[in-house]
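User: I am new to protein structures and would like a close look at a single part of this one. Could you start with the whole and then zoom in?

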Amino acid sequence: MFDLINGIPVHPLVVHAVVVLLPLAMLGTVAIAVRPKWRVPYGRLVVGTAAAAAILCPVATSSGEALEERVGDPSFDHAELGESLVWFAIALVIVSAALYYLQRRQEKALAADPDAETNQTLLTGVAVLAVVVALAATYQAYRVGDTGAKSAWEGEVSSSTGD
């Protein structure tokens, strides 16, 4: 199913979608973590981007397995790291959604009663956790991409300029 589209392997196509969406979700998560005013207006966009990346991670893994059957094993590291990336993406969805939800809940409570007690400590804790998760996801995405690029291109590209 995730093998070829018009004779082109699906894996590089899907990987490029993940490579764009996941870093955008990571940056968006950090942005809404450090700028509380951005949580409500941009929270849905960040959560949606993170969710799209999380959904595409298993597609990238499955299409990578199909590509592996055609061209051989890329490297153990790349395959293993690629399978783990979805968990980082899911964590990113959870923390960004939690930030959005908690901020909306706080704003609704304050709108109904300006003297209402809010749990700012919880929001701050989730924001810090969101930054940590985003940084971890960034590092893991880098590792997956680096091992994939090395397995695809190492020894194929000359370091000379071709003059």
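Analyst: Happy to! The protein has four helices and two strands, where helices (H or I, at least four residues) and strands (E, at least two) are DSSP runs numbered from the N terminus. Along the sequence they follow the pattern β-β-α-α-α-α. Keep in mind that this is a predicted model, in which local features need pLDDT of at least 70, side-chain atom pairs count only at pLDDT 80 or more, and totals for chains, interfaces and linings use all residues. Residues are numbered from 1 along each chain as its sequence is written, and side-chain values use heavy atoms, leaving out hydrogens and water.

Of the 163 residues in the protein, 33% are buried. Here, buried means under 20% relative accessible area, exposed means over 50%, and partly exposed lies in between (1.4 Å probe, protein chains only).

Now let's zoom in on threonine 49. This residue lies in helix α2, which covers residues 39–71. Why is threonine 49 called buried? Because its relative accessible area is 15%. Leaving aside residues up to four places away in sequence, threonine 49 touches Leu21, Leu24 and Ala25; a contact means heavy atoms within 4.5 Å.

For comparison, look at isoleucine 5, which is found in strand β1 (residues 4–5). Isoleucine 5 has a relative accessible area of 46%, so it counts as partly exposed.
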